[in-house]
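Subject: Handing over a structure, with notes

Hi there,

Here is the structure I promised to pass on.

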Amino acid sequence: MTLVAWILAGVLVLLAIVVISAGVKVVPQSETRVVERLGRFHSVLSPGLNFIIPFVDRPKVIYTRKVETYGGHNIARAITTSVIDLREQVYDFPSQQVITRDNVTTEINALLYFQITDPKKAVYEIDNLPNAIEKLTQTSLRNVIGELELDETLTSRDTINSKLQVILDDATNKWGVKVNRVELQDITPPESVRVAMEKQMQAERNRRAEILNAEGEKQSLILRSEGEKASRINEAEATKQSEVLRAEGEARAILLNAQAEADAIKCIAAAIASEQTDPATYMLAMKYIETLKEMTSGKDNKTIYMPYEASGVLSSLGSMRALFESKK
């Protein structure tokens with residue numbers, strides 16, 4: 001063979017290799033490509049080895065979002081590619097300013113988790129899918145936050161996430177995209193509002209502390225009064241028991257004295273019965289003598305007044321004298 005023949009054969013072999021390589025497409029797992037034949041949709045390549053017609057079939061070029069770091073900051077930019085990632089993806093959108101219902105401007109940073117479920121719709125139903133999702137998320141976030149006041153925005157993240165997820169999932173369904181969840185990373189109110197909120201929280205803490213102190217003092221006073229009440233009740237009960245015991249003792253002493261006196265009277269009556277003397281007259285005379293003794297026992301008692309009935313008592317004394325002389 002001549003040199004020209006060798007060159008022609010080499011060119012044919014090289015052309016065959018190029019054609020074969022162009023017709024063979026190996027698609028990794030969790031990825032796919034949308035193939036167009038002569039500018040019209042033809043098929044969606046599945047993971048693994050796929051064959052297409054070179055120069056007739058070609059993968060559709062789409063836009064995707066790529067995040068790069070410059071100077072410590074993450075910057076997202078749009079690039080073109082024919083690869084469609086079927087895995088769940090996350091978009092970290094930059095902070096944006098939204099206005100609440102009470103006219104407070106707040107910066108909010110959101111995360112969006114989504115997954116392409118229909119590659120054909122994702123390619124043909126929307127021109128730039130990443131940009132469309134970002135703008136839709138921003139506008140939906142403004143609408144949701146605009147219906148809430150600042151306090152509700154700060155305390156209702158789960159509610160906001162749920163509302164956004166429902167709105168975005170419904171809007172992106174025709175794009176072949178499934179929005180799994182939306183997360184609010186940061187909610188940053190203005191500096192003046194943050195200062196006012198800190199003062200409000202401090203005032204609320206002080207109020208709660210005063211309430212707790214008042215409750216403690218109240219409980220302390222209640223317990224102290226209950227203790228004093230119980231102490232007074234115990235003292236009254238002790239006094240009552242003491243008085244009862246003292247009264248019982250005095251009553252018993254009176255009974256014993258009366259019994260002793262009755263026994264003494266019986267003895268005296270038995271002793272003077274043989275002398276025919278009235279025991280009552282004897283007892284009256286003895287009481288009278290005891291009374292005279294008490295009347296004359298003081299230092300200042302200089303005058304003694306004898307009652308009119310003293311003659312009867314003196315006669316009783318005479319009878320007692322006669323009794324004692326007879327006994328002798």
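Below are my notes on the aromatic rings, the strands, a surface patch and the salt bridges.

First, the ground rules. This is a predicted model, in which local features need pLDDT of at least 70 and side-chain atom pairs count only at pLDDT 80 or more, while totals for chains, interfaces and linings use all residues. Residues are numbered from 1 along each chain as its sequence is written, and side-chain values use heavy atoms, with hydrogens and water left out.

Aromatic rings

A search of the whole structure turns up three aromatic pairs. Here, rings of Phe, Tyr and Trp (its six-membered ring) pair if their centres lie within 6.5 Å; planes under 30 degrees apart count as stacked, over 60 as edge-to-face and the rest as tilted. One of the pairs is phenylalanine 41 with tyrosine 124, edge-to-face at 5.9 Å centre to centre and with 85° between the planes. Phenylalanine 41 belongs to strand E3 (residues 40-45) and tyrosine 124 to helix H2 (residues 119-124), so this contact ties together parts that are 83 residues apart in sequence. Helices (H or I, at least four residues) and strands (E, at least two) are DSSP runs, numbered from the N terminus.

Ring pairs join Tyr91, Phe93 and Phe114 into a cluster.

Two arginines sit over tyrosine rings as well. Arginine 65 lies over the face of tyrosine 91, at 4.8 Å from the ring centre, and arginine 181 lies over the face of tyrosine 113, at 4.1 Å from the ring centre. The test is that NZ of Lys or CZ of Arg is within 6 Å of the ring centre and within 35 degrees of the ring normal.

Strands around E11

Strand E11 (residues 105-116) is joined to strand E9 (residues 89-92) by four bridges, and the two run antiparallel. Two strands pair if DSSP finds at least two bridges between them. Tyrosine 113 in E11 is the bridge partner of valine 90. E11 also pairs with strand E10 (residues 96-99) in the antiparallel sense, over four bridges, with isoleucine 108 in E11 standing opposite glutamine 96. The hairpin of E10 and E11 has five residues between the strands, and asparagine 103 takes a positive phi near 60° there. Strand E12 (residues 177-188) pairs with E11 in the antiparallel sense over ten bridges. Phenylalanine 114, from the ring cluster, has valine 179 in E12 as its bridge partner.

Salt bridges

The whole structure holds ten salt bridges, each a side-chain nitrogen of Lys or Arg within 4 Å of a carboxyl oxygen of Asp or Glu. In one of them, the side chains of arginine 37 and aspartate 57 meet at 2.5 Å, N to O. Arginine 37 lies in strand E2 (residues 31-37) and aspartate 57 in strand E5 (residues 57-59), so the pair links parts that are 20 residues apart in sequence. Arginine 37 is partly exposed, with a relative accessible area of 31%, whereas aspartate 57 is buried, at 5%.

Glutamate 204 and arginine 208 form a salt bridge too (3.3 Å, N to O). Both lie in helix H6 (residues 191-272), four residues apart, about one turn of the helix. Glutamate 204 is partly exposed at 27% relative accessibility, and arginine 208 is exposed at 51%. Arginine 87 bridges to aspartate 85, with the closest N and O atoms 2.8 Å apart. Glu36, Arg58 and Lys60 are linked in a network of salt bridges.

Surface patch

Leu3, Trp6, Ile7 and Val11 form a nonpolar patch on the surface, with about 470 Å² of accessible area together. Patches are made of residues with over 30% relative accessible area and no salt bridge, where like charges are joined within 9 Å and nonpolar side chains (Val, Leu, Ile, Met, Phe, Trp, Tyr) within 5 Å; accessible areas come from the Shrake-Rupley method with a 1.4 Å probe, and for residues only the protein chains shown count as cover. Tryptophan 6 lies in helix H1 (residues 3-23) and is exposed, with a relative accessible area of 54%.

Note on methods: Buried < 20%, exposed > 50% of the residue type's maximum accessible area, 1.4 Å probe, protein only.
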